[in-house]
Amino acid sequence: MKRPAELERGATMILVAASMLLLLGIVAIAVDLSALRFDLRADRLASDAASTAGVMAMDVSAGSKADEACQVAWDYLLLNLADSGGAQTPPNCSAVFVGGCDPLTARTAVAAAGPYSFTITHPVPDGDPLMGGQLLNPQIDGVPCQRL
C-alpha cells in the first residue's frame, strides 16, 4: 500500500507548470496592451503636431489661407506617422477650403495614408465635438476661423 505522500508525487510539477502558463499569458496581455497604448500615443502626437503646424501656417489677418494650412497639416502627418506608407489619398485642400471663412460652417477634407484615415476640419465652431466639450478660452483657443 502506498503512503499518501507517494500518491501526490508529481502534483507540484503540474501546479507549477499551470501557474507558469497563466503567468506567461498575463505578461503577454500586458505587453500587448502597452504596445497599443504606445501606438495610440504616437498617433495622437502626430495629429497634434500636424494640427499645430497647420494653424501656424494660417494667416488670419490676410484671409484664412485654410487651403495652405490643410496642406501643411497633411505634410506633417505623413512626416510624423511611422507606418503611413502604402496607398495614399491626399486631401483636396484647394477645392474644399477655397474662399473666406464662415465661422458657423465647418468644412472638411478627407484623406488616407496606409492604415490611417484623416479628416481635416476648418473652421472649428465653438460647439463642435472636436472642441471636446471644454470651456473655451478665446486667448488660447482663438475664434473658429483660427482653428484647424
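The legends below describe close-up views of a predicted model.

Residues are numbered from 1 along each chain as its sequence is written, and side-chain values use heavy atoms, without hydrogens or water. Because this is a predicted model, local features need pLDDT of at least 70 and side-chain atom pairs count only at pLDDT 80 or more, while totals for chains, interfaces and linings use all residues.

**View 1. The whole protein chain and its elements.** The protein chain holds five helices and three strands, in the order α-α-α-β-α-β-β-α from the N terminus. Helices (H or I, at least four residues) and strands (E, at least two) are DSSP runs, numbered from the N terminus. The radius of gyration of the protein chain is 26 Å, well over the 15 Å that the globule rule gives for 148 residues, so the chain is more spread out than a compact globule. This radius is taken over C-alpha atoms, and the globule rule is 2.2 Å times the number of residues to the power 0.38. The C-alpha trace spans about 100 × 40 × 20 Å along its principal axes.

View 2. Of the 148 residues, 25% are buried; buried means under 20% relative accessible area, exposed over 50%, and partly exposed in between (1.4 Å probe, protein chains only). The accessible surface is about 10200 Å², with 63% belonging to carbon and sulfur atoms. These areas come from the Shrake-Rupley method with a 1.4 Å probe; for residues, only the protein chains shown count as cover. There are 9 positive and 15 negative side chains, and the centres of the two sets lie 16 Å apart. Lys and Arg count as positive and Asp and Glu as negative, with His and the chain ends not counted; each charge is placed at NZ of Lys, CZ of Arg, CG of Asp or CD of Glu.

**View 3. Ala-57 in helix 2.** Ala-57 belongs to helix 2 (residues 11-57) and is partly exposed, with a relative accessible area of 26%. The C-alpha atoms of Ala-57 and Ile-26 are separated by 47 Å, the two residues being 31 residues apart along the chain. Not counting residues up to four places away in sequence, Ala-57 touches Ala-69 and Val-72; contact means heavy atoms within 4.5 Å.

View 4. Three strands form an open sheet in the order 1-2-3, with antiparallel pairing. Two strands pair if DSSP finds at least two bridges between them. Strand 1 (88-89) and strand 3 (116-122) are the edge strands, each pairing on one side only. Strand 1 pairs with strand 2 over two bridges, and Thr-89 stands opposite Ala-112 in strand 2. Seven bridges join strand 2 (residues 107-113) to strand 3. Ala-112 also stands opposite Ser-117 in strand 3, and the bridge partner of Ala-111 in strand 3 is Phe-118.

**View 5. The faces of strand 2 and the hairpin.** In a regular strand the side chains alternate between the two faces of the sheet. The covered face of strand 2 has Arg-107, Ala-109, Ala-111 and Ala-113, and the uncovered face has Thr-108, Val-110 and Ala-112. The hairpin of strand 2 and strand 3 has two residues between the strands, and Gly-114 takes a positive phi near 60° there.

View 6. Thr-121 lies in strand 3 and is buried, with a relative accessible area of 9%. Leaving aside neighbours within four places in sequence, Thr-121 has contacts including Ala-106, Arg-107, Leu-130 and Leu-148. The peptide bond from His-122 to Pro-123 is cis, with omega near -15°. Pro-123 is in the loop between strand 3 and helix 5 (138-141).
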